[in-house]
Amino acid sequence: MTVRLSVKNLSKRFGPVQANDDVSLDVAAGELHCLLGENGAGKSTLSACLYGLYRPDGGRILVEGAEQVFRSPADAIAAGIGMVHQHFVLVPTFTVLENIVVGTGVGVKLDLAEARKRVRALCERHGLEIALDAVAEDLSVGEQQWVEIVKALYLGARILILDEPTAVLTPQESDRLFALLSRMKADGLSIILISHKMNEVMRSDRVSVLRRGRLVGTIMTSAVTRDELTCMMIGRALQPVEAKPRIASNVPVVQVRDATLQDLRGVRVLDGLSLELNAGEVLGLAGIAGNGQRELIEAIAGIRRIDGGDILLDGRSIGGSTARDIARLGVGHVPEDRFKDGLVPDFSIAENVILGQHWDAAWRRGPLLDGERMAHHANASIAEFSIVATGPDAPVRKLSGGNAQKVILARELAKATRCLLCNQPTRGLDVGVIDYVHNEILRKRDEGVAVLLASEELEDLIALSDRIAVIFRGRIMGVIPRGSADVARLGRMMAGASTKDVA
Amino acid sequence: MAWAGAIAVAALAAVACCSLLFLAAGADPIAAFAALAKGSFGSARAIADTLVKATPLILTGLATALAFRARLWNIGAEGQVFAGAMFAYWCQSSLGPAPAIVQIPVIVLGAVLGGGLLGGLAGVLKTRFKVDEVIATVMLNYIVIYVLSLLLQQGPWTESGGFFEQTALVPAASKLPILWEKTRLHLGFLLALFVAAILQVIIQRSPLGYEIRAAGSNLRALEFQGVNVSRLVIVVFLLSGAIAGLAGAFEVYGVQYRLKSGTLSGIGYTGIIIAILGQLSPRGVVVAAVLFGALLNGATLMQIKTGVPSALIYAIEAIILMFFLIAWAFSQFRLRRIDHVV
């Protein structure tokens, strides 16, 4: 095994946080090496050091045995390191070819014909099919990612860092990505994959597990099980969440009938969508990001008004009600972006748990807010949801993602006596907290609340949901019961096939 | 602690900078500062005059701070001062002869309505027609100021037989009572302090203040909870305008005893500086306004004693603001050199 990249005793500190602590690892030529760890374990810091975005405080980076000091990404690129970020940075109005060569030219004249020849050769070598003259904004997300990869290869990358590359892909696109990665491996490239999805991690050659900035270990993937890796990652074993299937009632709590909604550009984000959500069930909502999940949930919650059709809650139309009215009817909403949609960052925990109820007599003494009662309530929430914070006065801005989400749960679960809407409730959270959120959702369901759960984690959806509805371009492609749902079938429906096509 | 230190350094730096200005004006800095201090706090009368000068600045500072707390950039205190003065004058002069107990409430009400309506108009323009509030308030300033000019320039309000752009003197019963004998300190100062106290409670402890602060941090989270954000915006503009309107009426009925354009101009814009120096808190606004009142008041004595032109005070105000902002930036962020931009 020839070592291509080696990291020796790398450390990086941000103020009081030791983001990387004495991390050492090797990446071989032709290896798919996975970096696994919870949020804040130091994966992103490590890859940013490798790509020259941060300068490590200590330790050495060697490429092909030669020590490197990266002052900027340009140095890293020159040393043969490429990176594909989670969010792509293509120029939307440029063609694929222009996007690949932009910024790579030397001198005044850009020889597009020569560039085209080189890009073609690269694509052929790795079995990539991309229309070089297509405009970037017309490409699917999966294709855009390929462009990013080709761009890195064009710059001469021999070591490719991929930061959570499948977060935005359908299962089928992910499979195609991994097929591409294995061809690139065979060609001798080294790939560093940052991921926390276990099924992807298992496709790597070796895994390096990080926990709290330290390397727990590097192991051959073939020699470990998922559970062992999880245990290494979080430092303890995890109780699997297994939803007891229950006999969902057929009492509809929410009925969406032929809902249509146009966005500002006139695109139909909801296109005649109909859906029924019953008491005491978790209805999963599967779909690729941006197919109307957010709009559907926000329409039910009363944040957006639909243009056509109707939405009923317990048989009464709520199409014209405000979010405040709907919340009072017993609907809780855990929004997609917790800090942007769900919290006031500069407010304390005590202030955030009463957000939306701040006019209620329960929180007032005379015309003024009752600070004592709010603090009391916040303390109760902190205890009930095991929120880690300095106290009820702690500004939410300073909480971790998991604790911030728990503040939202404390507020919204209390409201959700009839219906709970959850949009990506576990996105970006650590495994332990994910587990916690899932259990809370199931507890609500067992109380008879109708739960709508939109998530991009298909395996979680399958584990938790009683039924799964697949949304594609603002329509429901079909609803499949728990027993007959699997990732492949859902994946095809998420790409636009109807229930009949995949049955 | 870092904050107190930064402010101390900023104050020293500002004093040093002003000293250079005094030197450039050919005066001894120590003598100039001494005159400035004596002119503003040297006697009971000087202190009273300082507070008189501070009164409208407290109000425009509060008006601006309230709007800025909600991240609504009301630059319209200037026009709202004029609108408050004009509406109060119109109400009072239409009233005819009446005792002070009637006249003064009418004046206060007129000021609140005039300023509030102009502020509210900017709020409606923003929420109904998506007109940026900075543009709307600045443009409304011009409109109101020129409307007053029109009314005073050989218009219906011009003092009969007068030559200046001003109204006749207001009746004695409409003048704001003097609080402190042999000085010019009038009821308006007390009312301004009262408004500051009320505002402090509203912002910190009422549900409305909760919404205002929430809007300043994350308006979207409020929308997600079904709060009627448009109504909130309009309410904030109404209140902000009403407070600024009081400043105008108090100048007319407490200091000038007639309505004229020149003495009102600048109060609203200075209020923006006051609000920022006061860190958008009512308490801070009062302190900053008294400081600026002292500068304005002491400037005359400084000019007489040392020949430093009193207009230099505006430069000093700007210097204070600049150093304050620098101190604030230093206490909020740690600046460090980096080798490249990520």
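Let's start with charge: chain A carries 60 positive and 63 negative side chains, and the centres of the two sets are 1 Å apart. Here Lys and Arg count as positive and Asp and Glu as negative, with His and the chain ends not counted; each charge is placed at NZ of Lys, CZ of Arg, CG of Asp or CD of Glu.

A word on the model itself. It is predicted, so local features need pLDDT of at least 70 and side-chain atom pairs count only at pLDDT 80 or more, while totals for chains, interfaces and linings use all residues. Residues are numbered from 1 along each chain as its sequence is written, and side-chain values use heavy atoms, leaving out hydrogens and water.

Now for the fold. Chain A contains 18 helices and 22 strands, taken as DSSP runs (H or I of at least four residues for helices, E of at least two for strands) numbered from the N terminus. Its radius of gyration is 25 Å, close to the 23 Å that the globule rule gives for 503 residues, so chain A is as compact as a globular protein of that length. That radius is taken over C-alpha atoms, and the rule is 2.2 Å times the number of residues to the power 0.38. Among contacts with a separation of 6 or more in chain A, 67% join residues 24 or more positions apart, a contact being heavy atoms within 4.5 Å.

Finally, the cysteines. The whole structure has zero disulfides over all chains, a disulfide being a pair of cysteine sulfur atoms within 2.5 Å. For A:Cys231, the closest cysteine sulfur is 17 Å away in A:Cys34, too far for a bond.

Technical notes. Chains are lettered from A and ligands numbered from 1 in the order in which they are written.
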